Amino acid sequence: CQMSPNGSAPLTKQIVIDGLWRNNPVFRQVLGICSTLAVTNLVLNTLVMCVSLTLVLAASCLTVSLLRNFTPRNIRMMVQTLIIAFYVVIVDLALKAYWPQMSSNLGPYVGLIITNCIVMGRAEGFAMHNPPWISFLDGIGNGLGYGFVLLAVAFFRELLGSGRLFGIEILPLATNGGWYPGNGLLLLPASAFFLIAVLIWIVRSVDAGQQEDT
């Protein structure tokens with residue numbers, strides 16, 4: 001993943017686009033999908049989770065890149081884990097201090113960003129070999145790509161499952177005198193995997209470049 005360190009506009013734009021679409025961590029690599037079970041039942045919860053992961057990913061990649069020439073190779077994974085954990089703790093404590101209700105809604109899943117394979121994968125596979133600014137942008141791009149997929153799943157789960165978006169009624173439920181019967185299946189955690197499978201199938205059918213390398 002070596003990239004030119006010149007920081008030109010076309011290059012930086014390409015890096016963000018790669019993470020968002022061409023090398024999307026979910027569509028292309030099928031990484032980081034476990035969190036879809038926990039947070040995609042509501043769009044707001046999903047949005048906060050995606051912002052949290054993007055902040056941790058970008059900051060971790062930046063820090064790993066800054067320290068890459070000073071980190072002994074035989075302990076680099078431990079150092080990367082400590083860096084990621086540091087930023088996760090900051091985000092987790094900030095949510096608990098300023099938005100305790102959201103922190104309670106997300107439960108332990110913000111803390112589990114530490115184990116998200118996207119974060120460690122980009123730190124080890126990209127940030128360890130590229131300059132800080134490029135690594136920071138790679139973190140932003142991959143975080144946005146991850147967020148795009150999770151928000152798409154959350155949109156359909158909340159809208160078609162409960163007839164709401166951001167807690168606002170969009171499709172009046174029949175149980176409340178409306179016309180929409182609701183879909184309880186989409187409120188179950190397993191439905192997130194079905195939706196992601198459908199999204200990946202659609203994207204790979206439309207864009208052959210999203211196929212996994214063989």
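How closely do the axes of α3 and helix α6 (residues 117–125) come, and at what angle do they cross? Select both helices to find out. Their axes come within 9 Å and cross at roughly 20°. Axes here are lines fitted to C-alpha atoms, for helices over the stretch in contact, and angles run from 0 to 180 degrees between N-to-C directions.

A word on the model before going on. It is predicted, so local features need pLDDT of at least 70, side-chain atom pairs count only at pLDDT 80 or more, and totals for chains, interfaces and linings use all residues. Residues are numbered from 1 along each chain as its sequence is written, and side-chain values use heavy atoms, leaving out hydrogens and water.

**Stop 1: α3 and α6**

The two helices are therefore roughly parallel to each other (angles under 35 degrees count as roughly parallel, over 145 as roughly antiparallel, 65 to 115 as roughly perpendicular and the rest as oblique). Their crossing is right-handed: the near helix is turned clockwise from the far one by less than a right angle. Now show the side chains in contact, meaning heavy atoms within 4.5 Å. On α3, pick Leu53, Leu57, Ser60, Cys61 and Val64. On α6, pick Ile118, Val119, Arg122 and Ala123.

**Stop 2**

Glu124 forms a salt bridge with Arg76 (a side-chain nitrogen of Lys or Arg within 4 Å of a carboxyl oxygen of Asp or Glu). The closest N and O atoms are 2.9 Å apart. The whole structure has 3 salt bridges.

**Stop 3: α7 and α8**

Move to helix α7 (residues 132–162) and helix α8 (residues 190–206). Their axes come within 10 Å and cross at roughly 120°. The pair is therefore oblique. This crossing, too, is right-handed. Contact residues include Phe156 of α7 and Leu195 of α8.

**Stop 4: a nonpolar surface patch**

Select Leu44, Leu47, Val51, Leu55, Tyr98, Trp99 and Phe166. Together they form a nonpolar patch with about 740 Å² of accessible area. Patch residues have over 30% relative accessible area and no salt bridge; like charges are joined within 9 Å, nonpolar side chains (Val, Leu, Ile, Met, Phe, Trp, Tyr) within 5 Å. Helix α3 (residues 43–66) gives the largest share, 4 residues.

**Last stop: Phe166**

Where is Phe166? Look in the loop between β1 (164–165) and β2 (168–169). Most residues other than glycine have a negative phi. Phe166 has a positive phi of about 55°, although it is not a glycine.

Key
Accessible areas come from the Shrake-Rupley method with a 1.4 Å probe; for residues, only the protein chains shown count as cover.
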